[in-house]
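I opened my notebook to go through this structure one spot at a time.

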Amino acid sequence: MVSLSCVVKADDSLTVDVSGSFRVRYEALNNPIFPTQMSLREKSNQRLSTRLIVNADLSYKNFGATLDIRDSRAFLDDNDPTLTSSQVNTREPVQLFVTYKPLNARGSENNANALGHISLIKMGRMELDYGSRRLLAKAIYRNATNSYDGVVVQGSLANWRVDGLYILPVSRFPNDSASLDNNTRAFDKSFSERKLFGLYAASNDNAIKLQSYWFKEDDSESLATRNRDLFTFSVDYTANFSNGWRANTEIIGQLGSAHETAASNDTLDKDVRAYLLFAYIGKKINYHTFLRAEFDFISGDNDSTDNTISNFDSLYGVRRFDFGPTDVYQGLLRRNLKTAGLRSVSTPTAQHNIMLGYKAYWYQKAPQDVDSFIGHQVEARWRYQILPELRLSLGGAYLFKGDGFARGDYSDNSAFLFTGALYTF
């Protein structure tokens, strides 16, 4: 990190911090996960991706500003139909926002009201990461991130952290295959016809996290949508017990309406009734390893002809930590699933982090005439902090396909490998 400081007054200073990182990753997949045809994609896929981040933070008194420019590119994947703007987003200011921290007359945070106070106001384009990250999150594994235009007010109320937000999700451009394959540059933008507003709250001990969001979108000349009008509410609870035991559960309910597709001739509003249940129970089995059993039950839909939609919509959440790598491997979507599995995370030394995982997948509602069992997935990931500024990684996943996915032209098991390096400065 580079730190610059310039004195403005005897008692005030302007501080600028510049930092960043560069990541390179190679991924290879043999046999696509999802059932598909040879006419749509090849059997094997390779990709070399790069991601450069340059971040500048400016602070003066109780004001601040952040500029975050990222360059995400992909190579070696000619005519890959899975390549999207989630992997390619070149020379993009993904964050550009200002902050204000209210101060009282003594120069400390304004806590005159013991019941609650505002601690930070943020305006502009920003990343957001809340709670379990299943509804609203920035991307870590994925090559390109999520960002949002809007306003966030952070504060406290009766010893709870409370964030109120009004944001317009940013759409990444370009989004056509030819431009993405050539790493073409285009500015991202948000649309007033697509907005999300609501609250995030966390208890003082962070054991309880609540999320309540309203997501609304409408079609316009430049935006084709499913006209989603969704209210989503999440309760996330974590409990710590004696002897290293810990349990967590999250329950999410979703109500509203949406169209089945984004096609211009699809004008039928359907009722949305969806939910997600997640739970784990685990124990620290030795000084450096935590082992847990985890379960998902996520509503799904296997009938697009009726007047209801029960597929769960994860809004702007990420799924790598639940269902395996994204990007080339893709991983399963957070909808229409029942799962059971085991996961361990070990840190034998400060330099090494090892994750091992197993998960069995079923459809919550299988398509007509399709078996409900999707398969068994095993995965592993090793991170090695070889230097304070350099981290190496190696990992992979293998999906033993069940009858529910052993169809199409690529019915064999899916094998995936990735390796990469991250340099921070």
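**Entry: D77**
I looked for D77 and found it in the loop between β4 (63-75) and β5 (89-100). This is a predicted model, so I keep that in mind for every entry. Is D77 buried or exposed? I read a relative accessible area of 2% for D77, and because the cut-off for buried is under 20%, D77 counts as buried. Next I checked its side chain, and a polar contact of 3.1 Å joins it to the side chain of R47. Setting aside neighbours within four places in sequence, I noted that D77 is in contact with N45, Q46, R47, L83 and D181.

**Entry: L76**
I then turned to L76, which also lies in the loop between β4 and β5. Here I wrote down a relative accessibility of 55%, so L76 counts as exposed. I checked the backbone too: phi of L76 is near 75°, a positive value in a residue that is not glycine.

**Entry: S72**
My next stop was S72, and I found S72 in strand β4. I read a relative accessible area of 2% for S72, so I marked S72 as buried. What does the side chain of S72 meet? One of its polar atoms lies 2.9 Å from the backbone oxygen of N143. Leaving aside neighbours within four places in sequence, I listed contacts of S72 with T50, R51, Q87, V88, N89, T90, N143 and A144.

Which residues are closest to its centre? Of the 16 residues that line this pocket, I noted N311, L333, R335, N336 and Y363 as the closest to the centre. I sorted the lining by class and got 9 nonpolar, 3 polar and 4 charged residues.

**Entry: D327**
I found D327 in the loop between α2 (320-323) and β17 (337-349). D327 has a positive phi of about 50°, although it is not a glycine. At 4% relative accessibility, D327 goes into my notes as buried.

**Entry: P174**
I looked up P174 and found it in the loop between β8 (160-171) and α1 (177-181). What kind of peptide bond joins F173 and P174? I wrote down a cis bond, with omega about 0°.

**Entry: N206**
N206 sits in the loop between β10 (194-202) and β11 (208-217). I read 41% relative accessibility, so N206 counts as partly exposed. I then looked at N206 together with D236: they are 30 residues apart in sequence, and their C-alpha atoms are 9.8 Å apart in space.

**Entry: confidence**
The protein averages a pLDDT of 93, and 95% of the residues score at least 70. Over residues 1-11 the pLDDT is below 50, and this stretch has 23 contacts in the model beyond near neighbours in sequence. Residues 105-112 also have a pLDDT below 50, with 13 contacts beyond near neighbours in sequence.

Terms used: Residues are numbered from 1 along each chain as its sequence is written. This is a predicted model: local features need pLDDT of at least 70, side-chain atom pairs count only at pLDDT 80 or more; totals for chains, interfaces and linings use all residues. Side-chain values use heavy atoms; hydrogens and water are left out. Helices (H or I, at least four residues) and strands (E, at least two) are DSSP runs, numbered from the N terminus. Buried means under 20% relative accessible area, exposed over 50%, partly exposed in between (1.4 Å probe, protein chains only). A polar contact is a pair of N or O atoms within 3.5 Å; within protein, one must be able to donate a hydrogen and the other to accept it, and residues adjacent in sequence count only if both atoms are side-chain atoms. Contact means heavy atoms within 4.5 Å. pLDDT is the predictor's confidence in each residue, from 0 to 100. On a 1 Å grid over the protein atoms alone, a cavity is a set of points where a 1.4 Å probe fits but cannot get out, and a pocket is an open set with protein on both sides within 12 Å along at least five of seven lines; lining residues have an atom within 4 Å of a point. Ala, Val, Leu, Ile, Met, Phe, Trp, Tyr, Cys and Pro count as nonpolar, Asp, Glu, Lys and Arg as charged, and the others, Gly among them, as polar.
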